[in-house]
Amino acid sequence: MSIIDNRKAFHDYFIEDKYEAGLVLEGWEVKGIRAGRANIKESYVVIRGAEIFIVGMHITPLESASTHIHPDPTRTRKLLLHAEEIAKLIGKVERAGYALVPLDLHYTKGRVKVSVGLAKGKKQYDKRETEKERDWEREKARLIRAKV
């Protein structure tokens with residue numbers, strides 16, 4: 001069950017591979033995500049040492065958050081992956097042109113997970129080509145509906 005999608009990632013990148021990672025979150029962050037107050041559009045994934053972090057993910061705290069906690073909506077959050085997956089990702093990201101991009105937040109067995117995509121950047125002409133294909137598919141569907 002998807003909570004938030006990052007449509008911009010599919011527009012700006014070719015997604016080669018997907019990984020599901022857990023997130024290290026605080027209690028107020030989980031409540032904010034469940035309330036739909038998260039945004040991953042401007043976020044990105046970085047590798048520091050042998051660990052993976054998501055930077056720039058914004059979670060708006062609820063008004064009913066505890067008074068003794070000072071929430072930081074855009075703090076850097078650690079992603080949880082198996083060591084073999086991290087090693088594989090480090091090897092692939094080292095190659096030129098590849099990046100790690102958060103694709104969506106979703107629930108798996110009651111826990112909040114993030115899908116991370118291994119992505120290669122699109123050029124401007126690739127983006128235009130994708131848009132033309134999408135428009136043609138829409139037009140085809142319209143013509144078929146009109147015919148029936």
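## Salt bridges and what surrounds them

Modeller: A search of the whole structure finds ten salt bridges. Keep in mind that this is a predicted model.

Colleague: What makes glutamate 42 and lysine 8 a salt bridge?
Modeller: Their side chains come to 3.4 Å, N to O. The cut-off is within 4 Å, so the pair counts. Glutamate 42 lies in the loop between E3 and strand E4, and lysine 8 lies in helix H1, so the pair ties together parts that are 34 residues apart in sequence.

Colleague: Why is glutamate 42 called exposed?
Modeller: Its relative accessibility is 56%. Lysine 8 has a relative accessible area of 36% and is partly exposed.

Colleague: How do you know that glutamate 51 forms a salt bridge with lysine 78?
Modeller: The closest N and O atoms are 3.0 Å apart. The limit is within 4 Å, so the pair qualifies. Glutamate 51 sits in strand E5 and lysine 78 in strand E7, 27 residues apart.

Colleague: Why does glutamate 51 count as partly exposed?
Modeller: Glutamate 51 has 33% relative accessibility. Buried is under 20% and exposed is over 50%, so a value in between is partly exposed. Lysine 78, at 30%, is partly exposed too.

Colleague: What separates lysine 140 and glutamate 137 in helix H4?
Modeller: About one helical turn, because they are three residues apart in H4.

Colleague: Which residues are linked in a network of salt bridges?
Modeller: Glu26, Glu29, Arg75 and Arg77.

Colleague: Which residues of helix H2 are buried?
Modeller: Trp28, Glu29, Gly32 and Ile33. They cover an arc of only 135° around the axis, which puts them on the same side of H2. Gly27 and Lys31, on the other side, are exposed. The buried residues pack against several strands, including E1, E8 and E9.

Colleague: What lines the largest pocket?
Modeller: Among the lining residues are Leu23, Val30, Arg34 and Leu80. The volume of this pocket is about 160 Å³. Strand E9 gives the most to the lining, with three residues.

Definitions and conventions. Residues are numbered from 1 along each chain as its sequence is written. This is a predicted model: local features need pLDDT of at least 70, side-chain atom pairs count only at pLDDT 80 or more; totals for chains, interfaces and linings use all residues. Side-chain values use heavy atoms; hydrogens and water are left out. Buried means under 20% relative accessible area, exposed over 50%, partly exposed in between (1.4 Å probe, protein chains only). Helices (H or I, at least four residues) and strands (E, at least two) are DSSP runs, numbered from the N terminus. The arc is that of the directions from the helix axis to the C-beta atoms. Contact means heavy atoms within 4.5 Å. On a 1 Å grid over the protein atoms alone, a cavity is a set of points where a 1.4 Å probe fits but cannot get out, and a pocket is an open set with protein on both sides within 12 Å along at least five of seven lines; lining residues have an atom within 4 Å of a point. Grid points are joined across faces, edges and corners, and a volume is the space filled by probe spheres set on the points.
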